[in-house]
Amino acid sequence: MAPPRPAPRHLGALLVAVCAAGVLATAVLPSSAATLVSDLTQALAAAAAAGATARHAAASAGLRMRTAWWLLAAACGSWSAGQAYWTVLAARGESPFPSLADVGFLGFSACAVLALAVHPAGGGRTGRWQRCLDAVMTTGAVGLVSWQTALGAVLREDTGHDVAARLLLAAYPVADVALVVLAVLLVTRTAGDRRPLNLVAAGVTAMAVADSAFTYLAATSAYDGGTADAGWTLAFVLLAVAGLCRPATAAGAAPAGHAARRTSAAASLLPYAPVTLALGAALVRTLGGGTLAQGEELVVAVVIAALLARQYGTVRENVRLADDLAAREAQLRRLAFSDPLTGLANRALFLDRLEHALALHARDMRPVAVVFLDLDDFKAVNDTLGHAAGDELLQGVAGRLTGSLRAGDTVARLGGDEFAVVLEDGGDAGEAAARVAAAMALPFTVAGTLRPVGASTGVVALGPGDAAVGADELMARADAAMYAAKRAGKGRVVHHGAPA
C-alpha cells in the first residue's frame, strides 16, 4: 500500500521552514558562503513555487483559470532557471549581472503579467468607471514610488554601468509597476474566495520590493547579495503557498452572508494603499525640505484628481443606491398593505388604521365609523361569466368606492367580495353609506355587458359619548348590521342598533 501523500499545508510549512533557515543562515555565515546559501535558497523557493502553481493549474476549473496558473508556473520556472544560472556564475567568481540570468528574471515578469491579465475576475463590487479610476490611481501611485526609489536611482544616480545595463536595470521596476497594478486591480475586481489570489498579489508585491532594492543597490554599486535577497525568497514562498491552496470550483463564486460583503468591502479599499504610500512619501519629502520635480508634481496631481473623482463617483453611487433602496422599501410596503387585484388597502392595513382610529376615540373621544359591504350574488357572476369577469367587477367596485368617499377615508378589500371603509375626522357615516349606495346602484360593465350589482351594507359608528371598544368588537357589529341588510332583502344599508 502506497504511503499517504503529504497534505499541502504540511508541504507549505516545510517550505517556509527551509527557506527561513536559509535566510537566517545568510546572517551568520561568512560573506561568500552567505551569498551561495542565499542564491540556492532563492532557486529552491522559485522551483517549489513553479511546482505548486503547476499543481494548482492542473486542478483548476475553467480554461482561463488554468491558463493563468500555468503562466504563473512558467514565470516561476523561468525565474528559477535564471537564478540557477546566476548561482553558477557567482560560484565561478564571474559577474552575474548583466548576463543570461536576466532573461530568466525578465521572463518571470512577462509570464506573470500575462497570468494576471488572463486570470478571470468575478466582478466584485467595482463598476467600470471605478476600475478605470483605480487603474489611474494605482499606476500613478506605484509609478511615483518606483521613481522615487529604484527607477529614479537608475536614471539619476547610476554611474557605474553602461547604457545597456542601465536600461536592463530600469526594466525591472517598470515591469514591477505593471505587476503590482494588475494584482491590485484583479483583487479589487474579484469576489468570492480570493485566498490564492491574495497570496499571489502579496508575492508579486514582495517581488517588486525585492527588485526595487536590487535595482537601487546595483545602481549605487552597493549590492552584495546575502540578506538583501530575502525579498525574492519571500515572494516565491508566498507564490508556492498560493499554489498549494485549494483551487476555486468556479471563478468569482461569491460566498453568501455578511463575511462575503465584508471581504468585498476590504478589497475595494485596496487601491488606496499605494495611493496613501505615494502621497505620504511625497509629503514627507516636501516637509523634509526636499522638492518634487515637475513630472512628480504632475503625477501627484493626477493621482489626487483620480482619487477625488472616485470619491465623488462613490458618493453619487451610494446616493443612487440609497434612493433605490428607499423606493424598493416603499414598494414592498405597498405590496404588504395593499390588495394586489384592486389596489385598495388590504385587511392588515385596514385593521391597523381602525385600531389607530379607535385609540384616538378612547383618548380624545374622536368619532369613528365603519362601513362594511358585501356584494350580493357575486358567486353568480363567477359561475356564469368566469373568474376574469369577477375580477373585473371587483376592480369596478373598488373604483366606485374610492370615487364616492373622501381622500382621507381608508377603503379596503377584506377578501373575496367584502369591502370596508374606516371614517375618521368627523366623517358622517350615514352620508358616506348613502354615497356608496348611490354609486353601487348604477349598473357595472362586466364582460362587455351592463350588469346590475347590489351590495348589502352595514354601518357602525362611535360618537364622542360612546364607550371605547376594540377593533374585533366594532367589526362584529358592522358584520351583524351587514347580515341584517341581507336578511332584509339585500341591496340595503343597515345601521347597527337601528331596525333593518
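The following exercises, with worked solutions, concern a predicted model.

**Exercise 1.** Determine the order in which the five strands form the open sheet, and identify the strands at its edges.

*Solution.* 
Step 1. The five strands follow the order β2-β3-β1-β6-β7, and their pairing is mixed.
Step 2. β2 (410-415) and β7 each have a single partner strand and stand at the edges, so one side of each has no neighbour in the sheet.
Step 3. From one strand to the next, the twist averages 20°.

**Exercise 2.** For strand β1 (residues 368-375), state how it pairs with β6 and with β3.

*Solution.* 
Step 1. With β6, strand β1 pairs in the antiparallel sense over eight bridges; Val-370 has Val-460 of β6 as its bridge partner.
Step 2. With strand β3 (residues 418-423), β1 also runs antiparallel, and six bridges join the two. Here Val-371 stands opposite Val-421 in β3.

**Exercise 3.** Explain which parts of the chain are tied together by the salt bridges of Lys-486 with Asp-374 and Asp-376.

*Solution.* 
Step 1. In the salt bridge between Lys-486 and Asp-374, the closest N and O atoms are 3.1 Å apart. Lys-486 belongs to helix α16 and Asp-374 to strand β1, so this pair ties together parts 112 residues apart in sequence.
Step 2. Asp-374 has a relative accessibility of 9% and therefore counts as buried.
Step 3. Lys-486 also meets Asp-376 in a salt bridge, at 2.8 Å from N to O. Asp-376 lies in the loop between β1 and α13 (378-385), so its pairing with Lys-486 in helix α16 ties together parts 110 residues apart in sequence.
Step 4. Both Lys-486 and Asp-376 are buried.

**Exercise 4.** Describe the salt bridge between Glu-473 and Arg-477.

*Solution.* 
Step 1. The closest N and O atoms of this pair are 3.0 Å apart.
Step 2. Both residues lie in helix α16, four residues apart, which is about one turn of the helix.
Step 3. Glu-473 is partly exposed, with a relative accessible area of 39%; Arg-477 is partly exposed, at 24%.

Notes: Residues are numbered from 1 along each chain as its sequence is written. This is a predicted model: local features need pLDDT of at least 70, side-chain atom pairs count only at pLDDT 80 or more; totals for chains, interfaces and linings use all residues. Side-chain values use heavy atoms; hydrogens and water are left out. Two strands pair if DSSP finds at least two bridges between them. Axes are lines fitted to C-alpha atoms, for helices over the stretch in contact, and angles run from 0 to 180 degrees between N-to-C directions. A salt bridge is a side-chain nitrogen of Lys or Arg within 4 Å of a carboxyl oxygen of Asp or Glu. Buried means under 20% relative accessible area, exposed over 50%, partly exposed in between (1.4 Å probe, protein chains only).
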